[in-house]
Amino acid sequence: MSDNLALPSGVTLRPETDADKAAVDALIAAAFGPSRHKRSVRHLRQSTPVASLCFVIEQQDKLIGSIRYWPVLVAGRAQLLLGPLAVHPDHKGQGLGKKLVAHSLEQAVQHEYDFILISGEPDYYPRFGFEAADTKAFMWPGFIEAERFQIKWLKEERRASYQTDGAAILPIL
């Protein structure tokens with residue numbers, strides 16, 4: 001998917017900075033509520049996000065969208081975990097999430113990762129090239145609904161090397 005979605009006037013997309021951390025955390029809380037702490041994907045977000053792939057959208061100096069990627073270890077190689085993708089509830093339906101995903105994926109292909117994993121909405125992410133992940137090939141750290149466990153291959157030629165039984169997905173600390 002091309003990063004050609006237009007942002008509304010007065011809205012900017014830029015890299016996340018260290019100064020954005022509190023605002024991003026507040027945005028994620030507003031978008032997902034307290035149940036976000038119960039999801040197993042949190043176990044994989046223990047390190048520092050991949051800074052070159054984390055972006056925010058702001059309007060009048062207020063963050064209204066963000067996307068983060070985290071390094072995870074799968075079969076001895078660093079890979080990516082997308083999420084969370086958060087858009088403030090007052091700004092949903094404006095294409096901001098699509099813009100964040102499309103822009104960040106264009107950046108991700110420039111890195112040396114083989115694939116991106118996500119625990120995400122099964123009707124949202126396929127438009128960006130995500131597909132159901134093989135639940136027998138990967139071991140997720142906790143419960144995940146099979147339909148939410150998705151993968152996007154960045155290096156298609158590496159796909160065959162992951163046709164194994166139960167490669168653990170581990171946080172990189």
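1. A residue is called buried here if its relative accessible area is under 20%, exposed if over 50%, and partly exposed in between (1.4 Å probe, protein chains only). At 18% relative accessibility, Tyr124 therefore counts as buried.

2. The model is predicted: local features need pLDDT of at least 70, side-chain atom pairs count only at pLDDT 80 or more, and totals for chains, interfaces and linings use all residues. Residues are numbered from 1 along each chain as its sequence is written, and side-chain values use heavy atoms, with hydrogens and water left out.

3. Rings of Phe, Tyr and Trp (its six-membered ring) are paired if their centres lie within 6.5 Å; planes under 30 degrees apart are stacked, over 60 edge-to-face, and the rest tilted. The count by this rule is eight aromatic pairs. One of them joins Tyr124 and Tyr125, edge-to-face, at 4.9 Å centre to centre with 80 degrees between the planes. Tyr125 also pairs with Phe128; that pair is tilted, at 6.5 Å and 50 degrees. Tyr125 has a relative accessible area of 7% and is buried, and Phe128 is buried too.

4. Ring pairs also join Phe115, Phe138, Trp140, Phe149 and Trp153 into a cluster.

5. Phe115 is also reached by Gln79, whose side chain comes to 3.1 Å from the backbone nitrogen of Phe115. Gln79 lies in strand S4, residues 77-87 (strands are DSSP runs of E, at least two residues, numbered from the N terminus). Its relative accessible area is 0%, so Gln79 is buried. Leaving aside residues up to four places away in sequence, Gln79 touches Trp70, Pro71, Val72, Val74, Tyr113, Asp114, Phe115 and Tyr162, with contact meaning heavy atoms within 4.5 Å.

Note on methods. Helix = DSSP H or I, 4+ residues; strand = E, 2+ residues; numbered from the N terminus. Polar contact = N/O pair within 3.5 Å; in protein donor to acceptor, adjacent residues only side chain to side chain.
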